[in-house]
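Reader: Hi! I have a structure open and would like to talk it through with you. Could we start with a single residue and then zoom out?

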Amino acid sequence: MTFNYSAGELQVRGHKISDIAAQYGTPVIIYDEMYMTGMMERYHKVLKSHSIPYSVSYASKAFSSVQMIKLLESQNMELDVVSVGELYTTLAAGFPVEDIHFHGNNKTAEEIEYALDHGVRFFIIDGLDEIDLIEGLASGLSDDDGVNVLIRINPSVEVNTHDYISTGQEDSKFGLSLTNGAAKTAIDKIQKSRSLNFKGIHYHLGSQLDDSTPFINAVTNVYSWLDEHQIDLEILNMGGGYGVKYTEGDVRFPIEEGFDAILNHLKEVTAASGRKLPHVMIEPGRSIAAEAAITVYEVGTIKNIPGVAKYVSVDGGMSDHIRTPLYGAEYEVVPVTESVLDTSVSSHVVGKLCESGDIIGKNKMLPDDLKRGDLLAVRTTGAYHYSMASNYNQMRKPAVVFVGESGVREVIRRQTLDQLIENDVR
Ligand code: LLP
């Protein structure tokens, strides 16, 4: 674990969390940069060890910011975007456009045009009508190499995760069906088009998956379908979804053994049908960023309802922590300064927003002597926290800080009050 206690104080790489909170205020999201680069290296290492062409494309929806994108570039990562906003952020960071992949189940004409104008030439097609849309907009391009496309399909494999983050099944707004003919129709259409180059298949099975079984089943299903229809591909994109540990009960996706198993299976399947190994792409998001960060809050009102519950309110809430209200996600909540008392008491940690569902964690064991002004840290908040933050109750989005080899630096400043109304007509 990257955030540990030393002399009774939570710290990261030798920096006291309380010092960082004092400097940047609360709520603040604090990332350990080296945890993230370490995760990127692990993906590179295991894929490289199989001597296959590959790329690791970070899903920027997990957490995106100019400094994050610069960090990704320094680690030879490629990058996925799903909106013109994610693309804009990526380009603003100077990320190489040839390494950007455009995803999304409803890319608008404006987004496609913007992406093409800025040099994006790699799209993941997620609907039949999108083929005509991209073809129409790409046909006017002056460069004649065309636009590379994958099609997103549903490999119909079972996954064991929350319904809202399970995506590879037949009944889904994402992807094209292998069984009802949509995927085949898409490939035929692309192969006939003048501006699009069919490069291969993409699927994303779901999130927070803890073993390689669904990935192995997807390879089996996809290659039997490719064999049946005699389709060749250059690129196989297996998506993301590699699980992380939020609480004791969670199992991390075993990156090294998991990819050994998936890639060995891929080698067997391709050899059996006399095919070349494809370029393998993967799209981890959460597993790179989630465990790299904590959110630090200051405790405010504490409400003890005798015989009922103890409520500890903090200075943020569902505006920066939506995963608990939305998915019932569980987190570890710990005091930044260890209590000298040995007694802890079950407490509900809640936010300051006007919703009963504004809960960070129920029944968390926290020091009995916790008081106003103390700091609490919520672990594993590096993915889908800042990126899902809102301004509900006109809350300002928190500050984000990276701790790296060069020390502590702010990478996103806290929103200002002025920014809350900057688009308001006055
Ligand atoms: N590739 C595609 C096409 C995706 O749709 C996703 C996530 C990823 C890659 C990255 O998946 P990851 O490795 O981060 O699990 N808001 C939800 C997560 C939604 C994920 C959607 N797609 C949450 O907070 O759990």
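Author: Happy to! This is a predicted model. Let's begin with Thr 26: its relative accessibility is 19%, and buried means under 20%, so Thr 26 counts as buried.

Reader: Nice. Where does Thr 26 lie in the chain?

Author: Thr 26 is in a loop, the one between helix 1 (17-24) and strand 4 (28-32).

Reader: And which residues does Thr 26 touch?

Author: Leaving out residues up to four places away in sequence, Thr 26 touches Ala 21, Val 296, Tyr 297, Glu 298, Asp 315, Leu 375 and Arg 414. With Asp 315 there is also a polar contact between the side chains, at 2.5 Å.

Reader: Great, let's zoom out. How many helices and strands are there in the chain?

Author: The chain has 12 helices and 21 strands. Its radius of gyration is 23 Å, close to the 22 Å from the globule rule for 426 residues, so the chain is as compact as a globular protein of that length.

Reader: What share of the residues count as buried?

Author: That would be 55% of the 426 residues. As for contacts with a separation of 6 or more, 69% of them are between residues 24 or more positions apart.

Reader: Switching to charges: how many positive and negative side chains does the chain have?

Author: There are 37 positive and 59 negative side chains, and the centres of the two sets are 3 Å apart.

Reader: Last one: what does the accessible surface come to?

Author: About 18700 Å², with 47% of that belonging to carbon and sulfur atoms.

Technical notes
Residues are numbered from 1 along each chain as its sequence is written. This is a predicted model: local features need pLDDT of at least 70, side-chain atom pairs count only at pLDDT 80 or more; totals for chains, interfaces and linings use all residues. Side-chain values use heavy atoms; hydrogens and water are left out. Helices (H or I, at least four residues) and strands (E, at least two) are DSSP runs, numbered from the N terminus. The radius of gyration is taken over C-alpha atoms; the globule rule is 2.2 Å times the number of residues to the power 0.38. Buried means under 20% relative accessible area, exposed over 50%, partly exposed in between (1.4 Å probe, protein chains only). Contact means heavy atoms within 4.5 Å. Accessible areas come from the Shrake-Rupley method with a 1.4 Å probe; for residues, only the protein chains shown count as cover. Lys and Arg count as positive and Asp and Glu as negative; His and the chain ends are not counted. The place of a charge is taken as NZ of Lys, CZ of Arg, CG of Asp or CD of Glu. A polar contact is a pair of N or O atoms within 3.5 Å; within protein, one must be able to donate a hydrogen and the other to accept it, and residues adjacent in sequence count only if both atoms are side-chain atoms.
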